[in-house]
Amino acid sequence: MALDPHLVCKGVDVAYGQVQVLFGVDMEVERNEIVALLGTNGAGKSTLLKAISGLVDPLAGEIWFDGQDITHIGAVKAARLGIVQVPGGRAVFPTLTVAEHFRAANWLYSDKDPAVVRGRTEEVVDQFPRMRERWDQMAGNLSGGEQQQLALGMAFVAEPKLLIIDELSLGLAPTIVEQLLGIVRSIHDQGATVILVEQSVNVALTIAERAYFMEKGEVRFSGPTEELLERGDILRSVFLQGAASVTGGTGSGAAKSLAVSGRKQEAGRNGESEPVLEVRGLTKRFGGIVAVDDVTFTLEPDSILGLIGPNGAGKTTIFDLISGLLPLDGGRIFLKGVDITRWGADRRAAIGLGRSFQDARIFPSLTVAENVAIGLERHIEVRDHLAAVLSLPAVIESEMDVAWTVDDLIQLMNLGAFRDKFVSELSTGSRRIVDLAMAIAHDPSVLILDEPSSGIAQRETEALGPLLKRIQRETGCAMLVIEHDMPLITSISDEIIALELGAIVVRGTPEEVTTDPRVISSYLGGDVESIQRSGVRTAEPTATATATAKRTRRRPLVARDKGT
């Protein structure tokens, strides 16, 4: 029980339409306390934050802040009371500049002395030097990590009394997370109460002394964060259970359904050495900034190639260039030996280039099953509208094939509980899983994954590695993966490319890359604690490093003679 409750939630119920999400949630947060809100995907964490912020209206229960009933107060009045939320995912306007974002963040203080407002902005920007460098650039051109920094900077400018952060570490490198934790502590020291939704128990333990754990819309645990680690039953993840079910055994219809177009063998399995993907001299500029600088590499059949680097290193830009979402300023791209440099994104996808996005670009108004079915669109054999109207046998057979494959993929990805739910009702982590299922349904020859662990809990991330390896084996596709989670990327990759300032620093086996001094300096900032948290072994292992090593232990990786 909080001694001086700043925020009190009593029996809060919330529903989206006919679907109830929260069931009698009770929570108390003491004044100037930092509390972690943890839970499985779909547990209702983000919905509870929205109820506190006035973004959704509870069906029942009460929410009190500073001794005032704010249950049905609305988002604007809640913000004026000092409740500021940083939503999960990307909370920026892509067509506005960084400077315009900070001007917008001061809307609550339009009646204050402009000099005071400018001073507050300068103080915050000093904490985010990258934002000063990007001051006149549009937010849509920033990396995912930079966009999250911008969102946090806007919240800090607002001088919150209650700062609510949804998934602080989402898609960020360890050093960036460490920097953001320092900023959160600074805001806390200024008198703000903080509620932090986190998928990473390690991050929660770093900053919070007390935690709430939610599952299926109810609070399952509340107390000191250290006690949470002793509760293996509540740390068990739904996704972990599902992934474990596909990492062994004799196989199922789900595994067989992955090769939906009948492509069972790739060139690599037939002994061919020709790379399935090749990029030569890839170059991209945004104004005077070189985002990608003469990048050349190959992706071999049946292999997984990881891309790592600090935020702003050009990783996602490279993916956008390969996908055809951005025009090249220089270089050429070959897919299965075909020059696709001037092809559009749709044509590249049609010959087997699959892509997932860090922000899970799926259809929120469709159900999970409908989204997965869309991933199968290019494999539909009968496309005649008249035949569909007349329900001809060929159409019925095609629809049945799609339905069976959708069911198999949902089973494989353990999405059965969400099959008929709208995507808008899912948590960030669950949407990531749906996005991955859609990419698999596409049956690509090359699958490029942008931060597949974004929004996924730590235990879920550990299960994701074996699942991705199995998907690669069953489909025969080659994978190109961007990932900040070092244990994950080192466990699944045959080779890793490290990038800095848009250029390749080094390529090699995971062991070679993660121990390279240039990588430690550029990607991890040379910070020993960050290196240990990221799973990179050091000469003097500490308790933290030992715990991390247990999570990252993997089979020896043999160096391969691949082109660079």
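In helix H4, five residues are buried: Val 117, Arg 120, Thr 121, Val 124 and Val 125. Buried means under 20% relative accessible area, exposed means over 50%, and partly exposed lies in between (1.4 Å probe, protein chains only). Seen down the axis of H4, these buried residues fall within an arc of 130°, so they line one face of the helix. The arc is taken from the directions between the helix axis and the C-beta atoms. An α-helix has 3.6 residues a turn, so residues three or four places apart point the same way. On the other side of H4, Val 116, Arg 118 and Asp 126 are exposed.

This is a predicted model: local features need pLDDT of at least 70, side-chain atom pairs count only at pLDDT 80 or more, and totals for chains, interfaces and linings use all residues. Residues are numbered from 1 along each chain as its sequence is written, and side-chain values use heavy atoms, with hydrogens and water left out. Helices (H or I, at least four residues) and strands (E, at least two) are DSSP runs, numbered from the N terminus.

What span should H4 have at 1.5 Å a residue? The helix covers residues 114-127, and its 14 residues should span 20 Å. The expected span is 1.5 Å times one less than the number of residues. The end C-alpha atoms are 20 Å apart, which agrees.

Glu 122 also belongs to H4. At 39% relative accessibility, Glu 122 counts as partly exposed. Its side chain makes a polar contact of 3.1 Å with the side chain of Arg 132. A polar contact is a pair of N or O atoms within 3.5 Å; within protein, one must be able to donate a hydrogen and the other to accept it, and residues adjacent in sequence count only if both atoms are side-chain atoms. Glu 122 and Arg 132 are ten residues apart along the chain, and their C-alpha atoms are separated by 9.4 Å.

Now step back along the chain. Asn 106 is found in the loop between H3 and H4. Asn 106 is buried, with a relative accessible area of 13%. A polar atom of its side chain lies 3.0 Å from the backbone oxygen of Phe 102.

Phe 102 has a further partner. Rings of Phe, Tyr and Trp (its six-membered ring) pair if their centres lie within 6.5 Å; planes under 30 degrees apart count as stacked, over 60 as edge-to-face and the rest as tilted. By this rule the count comes to one aromatic pair. The rings of Phe 102 and Trp 135 have centres 5.6 Å apart and planes at 20°, so the pair is stacked. Phe 102 lies in helix H3 (residues 98-105) and Trp 135 in the loop between helix H5 (129-133) and helix H6 (144-157), so the pair ties together parts that are 33 residues apart in sequence. Phe 102 is buried at 1% relative accessible area, whereas Trp 135 is partly exposed at 27%.

Strand E13 (residues 304-308) is mostly covered, with five of its five residues buried. Ile 304, Gly 306 and Ile 308 point one way, Leu 305 and Leu 307 the other way, and all are buried. Two strands pair if DSSP finds at least two bridges between them. Four bridges join E13 to strand E18 (residues 478-482), and the two run parallel. Across this pairing, Leu 305 stands opposite Leu 480, and Gly 306 stands opposite Val 481. E13 also pairs with strand E19 (residues 495-500), in the parallel sense over four bridges. There, Leu 307 stands opposite Ile 497.

Which residues cover the faces of E18? Ala 478, Leu 480 and Ile 482 lie on one side, Met 479 and Val 481 on the other, and all are buried. Strand E17 (residues 446-450) joins E18 through five bridges, and these strands run parallel. Leu 447 stands opposite Met 479.

Helix H13 (residues 315-323) has eight of its nine residues buried, so it is largely enclosed by the rest of the structure. Among the buried residues are Lys 315, Phe 319 and Asp 320. Just after H13, Gly 324 takes a positive phi of about 85°.

The last stop is an open sheet of four strands, in the order E12-E11-E14-E15, with antiparallel pairing. Its edge strands are E12 (289-299) and E15 (338-339), and each pairs on one side only. Strand E11 (residues 277-286) and strand E14 (residues 330-335) are joined by five bridges and run antiparallel. Arg 280 has Arg 332 in E14 as its bridge partner.
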